[in-house]
Amino acid sequence: MDNIIFRVFICIVLLIQPHVTFYIPGVAPLDFAKNEEVEVKAVKMTSTKTQLPYDYYDVAVHCKPSNGTKYKSENLGEILRGDRIVNTKYKVAMDVNVQCQTLCHDINLSKEQSAVLGKRIRNNYYVHLLVDNLPCATKFQNVDTHEILYEHGYRLGMHTKQSDETFINNHLVIKLFYHKESDEAYRVVGFEVEPKSIDSKRIAIKPDGTCTIENGQAMQKIDPKEENKLSMTYEVEWAYSETRWASRWDTYLAMTDVQIHWFSIVNSVIVVFFLAGILSMIIVKTLRRDIARYNQEDSDDVTEETGWKLVHGDVFRPPHRKNVLAALVGSGIQIFLMSFIVIAFAALGMLSPSSRGALVTAACFLYVFMGLVAGFYSGRIYKTIKGSHWKRTAALTATLYPAVVFSIGFFLNFFIWGKRSSGAVPFSTMLAILVMWLGISFPLVCLGFYFGYRKQPYEQPVRTNQIPRQVPEQQWFLHPVLSTLMAGVLPFGAMFIELFFIFSAIWENQYYYLFGFLFLVFIIIIISCSQISIVITYFQLCGEDYHWWWRSFIASGGSAFYVFAYSIFYFFTKLDITEFVPTMLYFGYTFLICFTFWILTGTIGFIASYIFVRKIYAAVKIE
C-alpha cells in the first residue's frame with residue numbers, strides 16, 4: 001500500500017514539474033515578412049481598485065482609427081471576463097523602427113471627458129494592448145533586490161497625492177521582439193511598453209505625422225475640472241530575441257515566485273499526507289477491532305450490542321429534506337466532473353493562455369453537458385433514500401445551483417451596467433446562457449434523473465426498523481457547528497496557499513497557469529474531505545446518532561466557511577477597494593465561489609461517508 005502511494009505521489013510531482021509550453025492545433029504561429037503590417041489591438045482597461053474593466057475607447061484620449069472601430073467576435077469566456085478586443089490607430093510594420101509618430105494631434109477634452117479621464121487615472125487604471133495575441137507588459141526593477149519584473153499592461157497615468165496633480169502617459173515606447181525561424185519568416189515573441197508623460201508643448205508635430213520631442217522634464221498635466229488639450233504620440237523599437245515562439249509566454253507566466261510556491265505546496269502535501277495517513281491507520285485499526293469484536297459477540301450469543309452496531313436498524317433511515325439533499329449531491333457531482341476535467345486538461349497544457357477565455361468557455365460547456373451524469377446519480381440516490389416525487393426533485397436538481405448563480409450574477413450585473421463597464425454581460429449573452437441552461441442543461445439533468453430513478457436503488461446491507469430509535473445526548477465535540485468547524489480545517493490547510501495565488505489571479509489581474517499545482521491540490525482536497533467526513537461519521541455512529549446523511553455533507557463542506565473568512569482577510573490586507581459597487585462585486589462573487597466550493601466538498605464527503613457506512617455494516621453479522 002505504501003509503495004502504491006509513493007508511486008502515485010512521484011507521478012503527480014512529475015506532472016507539476018515546470019513544463020515546456022506546447023500549443024494545440026488552432027493556435028499555430030503567425031509568420032510575418034519584413035515591412036509587413038503588424039496590427040496592434042486593445043483589450044480593455046482594468047483596475048484593482050475598482051474591479052470594473054472598461055472599453056479601451058472609454059476615455060477620449062484614445063482616438064479611433066479613420067476607418068472605424070472593428071470589434072473581434074469573442075467567445076463566452078472573453079465576454080464574461082470583460083474583454084472587448086478592438087483595433088487601434090497604431091501603425092506598426094515588422095522590423096521597422098519608428099522614431100516618433102503622432103497618434104492624435106491636439107485633442108480637445110471637455111470638462112466631462114477630463115473628469116472621466118482624471119477619475120480613471122486616480123483609480124490606477126492599466127491599459128492592455130495586444131500584438132499577435134501577445135499582451136503588452138511594463139518592465140521595472142525591484143528597488144531592494146534589483147530583480148527585473150513585469151506588470152501587465154501599462155498605467156494610463158499617475159496621480160500624486162501630495163500635490164493632488166494628475167498626469168497622463170501620452171507617449172508610448174513600443175518595444176517589440178522577434179525571432180526568425182528562417183530568413184524570411186519573422187515571429188513576434190515579446191511585447192513591452194514604456195509609458196511616458198510628456199508635456200505637449202515639448203512635442204513638435206510635423207505635417208507628415210512625425211514628431212520631435214524637446215529635452216526637458218515637463219509632464220502632461222490633466223486638470224479634471226477644466227478643459228484640456230494634448231497630443232498622443234508613440235515610437236516603435238524592434239529587437240531580435242533568442243526566445244522561441246513556443247516559449248514567448250514564459251515572461252508572463254513567471255511573474256509569480258515559483259520557488260516560494262514550490263516550497264509551500266510541498267510543505268502542504270507532506271503535512272496533509274502525514275495527517276491523512278495517521279487518520280487512515282487509526283480508523284482502519286479501530287474498525288478492524290470493532291468488527292472482530294462484534295462478530296465474536298454474535299458467535300458467543302451475546303445479546304447486548306454497543307457502539308455503531310447498535311444503530312444498524314436506523315443507520316439507513318431516509319433523511320429529512322431528501323429532495324434537497326439529492327439535488328445538492330447531483331449539483332456537486334456536476335461541479336466535480338467539470339472541475340476535474342478542466343483542471344486535468346489545463347495541467348496537460350491543453351488550455352493555453354493564448355486561447356483567451358478558453359478556460360471559462362470550456363468550464364461552462366462541460367458543466368452543461370455533465371448534467372446527464374449528475375442527473376443519473378442524483379435520481380438513483382433519491383430512489384435509494386425512498387423519495388417519491390421524482391419529477392419535482394429532477395427539476396430541483398437542474399435549477400438549484402444554476403438559479404443561485406444566475407440570480408446573484410444578474411443582480412450584480414445591474415450595478416456593473418450602471419457603471420457602464422465592459423465587464424457587464426450583454427443582454428444577448430445572458431439570453432444565450434439562459435438558453436444553454438434551460439435548453440440543454442435542464443433537459444439533460446431531467447433525462448439522467450429519469451433513467452437513474454428507474455434503476456434499482458443501491459442495496460443496503462442491513463434492514464431499517466419500523467420504529468426509529470431515540471438518539472441519546474451527544475458529546476460536546478459532536479455538536480454540528482463544532483464538528484463542521486473542525487472538519488473544515490484539514491481541507492482548508494491543504495489549499496490556503498494555492499488560494500492566495502487564485503485570488504491574486506482573479507482580483508489583481510494576474511495570469512494563473514500553475515494548473516499542475518492546482519491539480520495536486522484538488523487531489524489532496526478529495527482525499528482530505530473524504531477522510532475527515534468518514535471520521536466525523538464514525539464518531540457520530542459510535543455516539544448512537546444515526547442522522548449522518550446531512551451531517552456528512554455539511555461537515556465536509558466546512559472548509560468553505562474558512563475560504564470565506566480568508567476572503568475577508570484578503571480584502572482588508574491585500575486589496576485597495578474603497579467604493580461600494582466594487583466591494584459588493586467582490587463579496588458577491590466570493591460568495592458564489594464559496595457556495596460552489598461548499599457543494600463540491602460536501603458532495604465528496606457525502607459519497608465517501610455513504611460508501612464507508614455501507615462497507616462497515618456489510619462486514620458485521622446482523623441477526
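**Salt bridges, cysteines and sheets**

Mentor: Arginine 120 counts as buried because its relative accessibility is 8%. Buried means under 20% relative accessible area, exposed over 50%, and partly exposed in between, with a 1.4 Å probe and protein chains only.

Trainee: Before we go on, what kind of model is this?

Mentor: It is a predicted model, in which local features need pLDDT of at least 70 and side-chain atom pairs count only at pLDDT 80 or more, while totals for chains, interfaces and linings use all residues. Residues are numbered from 1 along each chain as its sequence is written, and side-chain values use heavy atoms, with hydrogens and water left out.

Trainee: Back to arginine 120. Which residue forms a salt bridge with it?

Mentor: Aspartate 58 does, with the closest N and O atoms 2.9 Å apart. Aspartate 58 lies in the loop between strand 1 and helix 2 and arginine 120 in helix 3, so the pair ties together parts 62 residues apart in sequence. A salt bridge here is a side-chain nitrogen of Lys or Arg within 4 Å of a carboxyl oxygen of Asp or Glu. Helices (H or I, at least four residues) and strands (E, at least two) are DSSP runs, numbered from the N terminus.

Trainee: Is aspartate 58 buried or partly exposed?

Mentor: Partly exposed, because its relative accessible area is 26%.

Trainee: How many salt bridges does that rule give?

Mentor: Twelve. One of them joins the side chains of lysine 44 and aspartate 83, at 2.9 Å from N to O. Lysine 44 is in strand 1 and aspartate 83 in the loop between helix 2 and strand 2, 39 residues apart. Lysine 44 counts as buried at 11% relative accessibility, and aspartate 83 counts as buried at 0%.

Trainee: Which residues are linked in a network of salt bridges?

Mentor: Asp31, Glu181, Arg187 and Arg244.

Trainee: New topic. How many disulfides are there?

Mentor: Two, where a disulfide is a pair of cysteine sulfur atoms within 2.5 Å. Cysteine 63 is joined to cysteine 104, S to S 1.3 Å. That link connects distant parts of the chain, from the loop between strand 1 and helix 2 to strand 3, 41 residues apart. Cysteine 63 and cysteine 104 are both buried.

Trainee: And which cysteine does cysteine 100 join?

Mentor: Cysteine 211, with S to S 1.9 Å. Cysteine 100 is in strand 3 and cysteine 211 in strand 14, 111 residues apart. The torsion about this S-S bond is about -85 degrees, so the disulfide is left-handed. The link of cysteine 63 and cysteine 104 is left-handed too, with -65 degrees. Counting bonded cysteines along the chain, the pattern is 1-3, 2-4.

Trainee: Why is cysteine 136 too far for a bond?

Mentor: Because the closest cysteine sulfur, in cysteine 104, is 17 Å from its own. Cysteine 136 counts as buried, at 2% relative accessibility.

Trainee: Strand 3 keeps coming up. Which strand is it joined to by seven bridges?

Mentor: Strand 16 (residues 228–240), running antiparallel to strand 3 (residues 98–109). Glutamine 101 has tyrosine 234 in strand 16 as its bridge partner. Strand 16 is also joined to strand 11 by eight bridges, and those two run parallel. Two strands pair if DSSP finds at least two bridges between them.

Trainee: In what order do the three strands of the open sheet come?

Mentor: The order is 9-10-15, with antiparallel pairing. Strand 9 and strand 15 stand at the edges with a single partner each, so one side of each has no neighbour in the sheet. Between strand 9 and strand 10 there are four bridges, and methionine 158 has phenylalanine 167 in strand 10 as its bridge partner.

Trainee: Which residue forms a salt bridge with lysine 221?

Mentor: Glutamate 165, at 3.2 Å between the closest N and O atoms. Lysine 221 is in strand 15 and glutamate 165 in strand 10, 56 residues apart.
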